[in-house]
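Try each task yourself before you look at the solution.

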Amino acid sequence: MHLTENDLRSLLADDSGGWHRGVTAADVHRRVRRLRARRWRAWGSVAATAGTVVAATLLPGLFLRQPAPAGPAADTPSRSVAVVAKSYPSGGVVQEFPFSGALRDLVVAVRCPAGSRALIWLNAKPVMDRSCAGWSWVSAGLGEVGRQNTLQAVIVPRSAEGDVETLALHTPPYAAEWEVRVLSMSGLACGKDRGRPEGWVCPLITQPGNSPSAGTGPG
Amino acid sequence: MRDRADFELYVEARSARLLRTAYLLCRDWPTAEDLVQTALAKAWTAWRRVGANPDPYVYRILTNTHASWWRRRWHGEVPTAELPERPHPGGLDDFGTREALRAALVALPAKQRAVIVLRYFDDLPDEAIGEILDCSAATVRSQAARALAKLRLHPAAGVAARTEG
């Protein structure tokens, strides 16, 4: 092999002499600006990601509905909160009670004896007209935050005839134990150590054999 | 203190040489320009910390950037519909020594190619090359010896040697 260092030097010198545009200071400064912009973009994306992580950690409600915090199991049997829980010894009398609060996904549940018919209005709007058989419930849609809501409920004998308004006003009282509850399925939980909101009732209706899920569903 | 005017003087004075070095490292003029611009841009961001002689610092950025690009870029086969022209059996004379040497140089690993270029093109002493490549002068010498051996043993260079003889 005749390769010598001089061959190498000569080849490198010749090869590097081709045509080229060259590099100016303006080119370099332009490149500096590009590098800095890229670096800022990278920092920006890192900062945005970090901000998202921090916000997701500190404000989980912005991103997803957080599951109920784990509390004492006996006090948090469900993710629903009973806003109203009333029991009555007789039917035929319209019971009216207000409630308020930040409510959503309201469910009205009634437990009344067989042979009766439950009639319920929420804010003067009929939400239930159903024959009784253990627990019955109906989804009443969304309550309004901060608004004073009014629930009216009555049970009448199933055999009674007439339109709802007439039945509610003209049915004479009769002996029948029944109860009504308004539940907010907001995912809130209440527990002994969590500061129970005033007027809210815990525990909920998930007692053995009395759970709404054991009753008649809507429709 | 080094300032913008000082840097621009340096670019004007040294960019042509740096560009030729960069071309010998990557064997592609647009890539060489890209390489030099990137190296000088990085040097400018640290210009105030660069000493009286910026060359070792800039050469170091240049070779490091080339090595990182060389690692990242794919150096495999390029599929093509047309087969390249091949020398006919008796046509080895067409395959000159220089072409063989170029092929052998391109086949060298990035660090060995850098040693060859800095030593035989930029005429830098082994100590300076070691400073640029972040290794000792002895390592530079061993890398150079290996590179030269590879050049001599490269199949294309071997062909050239036979045809020259």
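**Exercise 1.** Which residues does A:His20 touch, not counting residues up to four places away in sequence?

*Solution.* Let us begin with the ground rules. This is a predicted model, where local features need pLDDT of at least 70 and side-chain atom pairs count only at pLDDT 80 or more, while totals for chains, interfaces and linings use all residues. Residues are numbered from 1 along each chain as its sequence is written, and chains are lettered from A and ligands numbered from 1 in the order in which they are written.

Step 1: find the residue. A:His20 sits in the loop between helix 1 (5-15) and helix 2 (25-58) of chain A. Helices (H or I, at least four residues) and strands (E, at least two) are DSSP runs, numbered from the N terminus.

Step 2: list its partners. They are B:Leu19, B:Trp29 and B:Glu33, where contact means that C-beta atoms, placed from the backbone, lie within 7 Å.

Step 3: check its surroundings. A:His20 counts as partly exposed because it has 17 C-beta neighbours inside 10 Å; buried would need 20 or more, and exposed 12 or fewer.

**Exercise 2.** Describe the side of chain B that touches chain A.

*Solution.* Step 1: count. Chain B gives 28 residues to the contact and chain A gives 23 residues.

Step 1: locate. The elements of chain B that give two or more residues include helix 1 (4-26) and helix 2 (29-45).

Step 2: sort by type. On this side of chain B there are 17 nonpolar, four polar and seven charged residues. Here Ala, Val, Leu, Ile, Met, Phe, Trp, Tyr, Cys and Pro are nonpolar, Asp, Glu, Lys and Arg are charged, and the others, Gly among them, are polar.

**Exercise 3.** How many helices and strands are there in chain B?

*Solution.* Chain B has eight helices and zero strands. Of its 165 residues, 35% are buried.

Key: Two residues are in contact if their C-beta atoms, placed from the backbone, lie within 7 Å.
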